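Dear colleague,

Please find below the sequence and structure that I am handing over to you. My findings follow directly after them.

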Amino acid sequence: MERELVIVLDFGGQYNQLVARRVRECNVYCEIYSYKTDLEKIKKMNPKGLILTGGPNSCYGPDAQSCRKELFELGIPILGLCYGAQLMMHILGGKVEQARVREYGKTEVCVDTASRLFGNVPEKTICWMSHFDYISRMAPGFRSVAHTADCPVAAAECAEKSLYAIQFHPEVLHTQEGSKMLYNFVRGICGCTGDWKMDSFVENSVKAIRNKVGNGKVLCALSGGVDSSVAAVMLSKAVGNQLTCVFVDHGLLRKNEVDEVEAVFGSEGFYDLNFIRVNAQERFYAKLAGAEEPEEKRKIIGEEFIRVFEEEAKKIGTVDFLVQGTIYPDVVESGLGGESAVIKSHHNVGGLPNFVDFKEILEPLRDLFKDEVRKAGLEMGIPEKLVNRQPFPGPGLGIRIIGEVTAEKVKMVQDADAIYREEIANAGLEGKVGQYFAGLTNMRSVGVMGDERTYDYAVALRAVNTVDFMTAEAAEIPFEVLQKVMSRIINEVKGVNRVMYDLTSKPPGTIEFE
Ligand code: XMP
């Protein structure tokens, strides 16, 4: 049976992934494609609906991202959001102009509850607005179904053609009833039944992997993080001990993490798989010596990873498949999905060397968002503690040490990070903060300790709350907790004499320091 699909056409808006995630929360599978995607290709995928995202430009400007008018004649229900809404009006004969008042932030919107888009939504509701332009005249056949004090057309519809345009952002949590509106679109207007569920995803994936792999041997790159752990367990379910998991200690993992991972996946652990631990710390440190630039470090770590796997594979004999824990945001962020600029090459996608000595790469989680990976993990009975672990980047502490990586710096950041995590747990904040860690800045400064001058490194603490890792806000860690962490780090970690707290949100910052 064909899976129901909704396509998000990305016009370069910052919330494109959020739109897709919200759709999936309605149990509808959703993929992001560039606005440039060929009409024929779209038709072939047979989507139940299309969503046009926001974008940074004006739809009437010379460099505007656009689409063909025929898109609106395919007979597929379409929902335009913000830029997508304006573009729909512009192309179909309406008018979009610069607004007198720029609407930004939470705004009260009056909706027409007779519209199918707003079924079960209260007449007055708070929505997230972010626009310079407004729809000054609707395209023929449309009627206004929402307005604000400054914006006469906050939403418009042409119900006969199943075309809907919303000026605000239903995908953002600040839009109180946003999820309901998206649900109304995909489950109501598009008629999706909601066949995207994690239990069937796991079942189907296990079957598909079994078919594909046959009697082949599989090698899994286990990093200890959530993604590769879930991928490994899925593979182990599918092919049992045809699977060998190689866990590379690249010397860039958190304190005690290597032993913790071995306890779960090793011979004493829960799973019946072949587990090999490779102690490759020195090898990685040697390769990283002198490398200061973040992307260069990512590439070095990624390549060395692959080399280590190749060597292990040769020891095992013939290896047919290599498993990687790539997830959907990696694909989109690496510029392979929608319109996003490449911000960082995630080593499991962008930094992969051209020559890989395996028949094929298996990426069983390539279609999943992080929260879906966790759900799949729980579905397969992986302990909650492991599944709900905070994310840890593939290149590990290599990108939490600004500039050159050395064994001494790794030790400093490991110790500082362990203290930070311990105190967050002591304060009962574990699970309440999205992602938190200590990083080592490349800055040394003068301090005084026991009447002596010091000239040591500064540790930066980071803690962010995020729903999707694409945007994030600095978390408000109570000052007493930060003070305790600071004092313990200064006292217990040799080589550190200053501790700072990073307040930057994403954007403009990123979550990691590099
Ligand atoms: P950024 O720093 O891009 O982080 O805002 C977003 C999320 O991605 C993780 N991250 C990485 N994961 N390889 C990975 O596997 C990488 O190179 C990488 N860089 C960042 C980061 O921990 C956060 O959860």
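Where is Pro507 found? Pro507 lies in the segment after strand E18 (496-501). Please note that this is a predicted model.

The peptide bond from Lys506 to Pro507 is cis, with omega near -15°. A cis peptide bond also joins Pro507 and Pro508, where omega is about 10°; Pro508 too has its place in the segment after E18. Elsewhere, Asn120 has a positive phi of about 65° although it is not a glycine. This residue, Asn120, sits in the loop between strand E5 (95-111) and strand E6 (124-137).

I turn next to the strands. Strands of a sheet pair through backbone hydrogen bonds, either parallel or antiparallel. An open sheet of five strands, with parallel pairing, has the order E12-E11-E10-E13-E14. Its edge strands are strand E12 (274-279) and strand E14 (360-362), each of which pairs on one side only. From one strand to the next, the twist averages 25°. Strand E11 (residues 243-249) is joined to E12 by six bridges, and the two run parallel. Within this pairing, Asp249 stands opposite Asn279 in E12.

Helix H9 (residues 294-316) lies across E10, E11, E12 and strand E13 (321-323), and runs at about 140° to E11.

The antiparallel sense is found in another pair. Strand E15 (residues 435-449) and strand E16 (residues 452-465) pair in this antiparallel sense over twelve bridges. The bridge partner of Gly447 in E16 is Thr454. E15 and E16 form a hairpin with two residues between them, and Gly450 in the turn has a positive phi of about 55°.

The largest cavity has a volume of about 40 Å³ and is lined by Arg21, Arg24, Glu25, Phe369, Asp371, Glu372 and Lys375. Helix H1 (16-25) and helix H11 (370-379) are the elements that give two or more residues to this lining. By class, the lining of the largest cavity has one nonpolar, no polar and six charged residues.

The second largest pocket has a volume of about 1000 Å³. Its lining comprises 34 residues, of which Lys385, Arg389, Gln390, Arg421 and Glu430 lie nearest its centre. At least two residues of the lining come from each of helix H7 (257-265), helix H12 (384-387), helix H13 (407-426) and helix H14 (479-492). H13 gives the most, with six residues. By class, the lining of the second largest pocket has 14 nonpolar, six polar and 14 charged residues.

Finally, the structure holds twelve aromatic pairs. One of them, formed by Phe11 and Tyr83, is tilted, at 5.8 Å centre to centre with 45° between the planes. This pair links distant parts of the chain, 72 residues apart: Phe11 is in the loop between strand E1 (5-10) and H1, and Tyr83 is in helix H3 (residues 83-91).

With kind regards

Methods. Residues are numbered from 1 along each chain as its sequence is written. This is a predicted model: local features need pLDDT of at least 70, side-chain atom pairs count only at pLDDT 80 or more; totals for chains, interfaces and linings use all residues. Side-chain values use heavy atoms; hydrogens and water are left out. On a 1 Å grid over the protein atoms alone, a cavity is a set of points where a 1.4 Å probe fits but cannot get out, and a pocket is an open set with protein on both sides within 12 Å along at least five of seven lines; lining residues have an atom within 4 Å of a point. Grid points are joined across faces, edges and corners, and a volume is the space filled by probe spheres set on the points. Helices (H or I, at least four residues) and strands (E, at least two) are DSSP runs, numbered from the N terminus. Ala, Val, Leu, Ile, Met, Phe, Trp, Tyr, Cys and Pro count as nonpolar, Asp, Glu, Lys and Arg as charged, and the others, Gly among them, as polar. Two strands pair if DSSP finds at least two bridges between them. Axes are lines fitted to C-alpha atoms, for helices over the stretch in contact, and angles run from 0 to 180 degrees between N-to-C directions. Contact means heavy atoms within 4.5 Å. Rings of Phe, Tyr and Trp (its six-membered ring) pair if their centres lie within 6.5 Å; planes under 30 degrees apart count as stacked, over 60 as edge-to-face and the rest as tilted.
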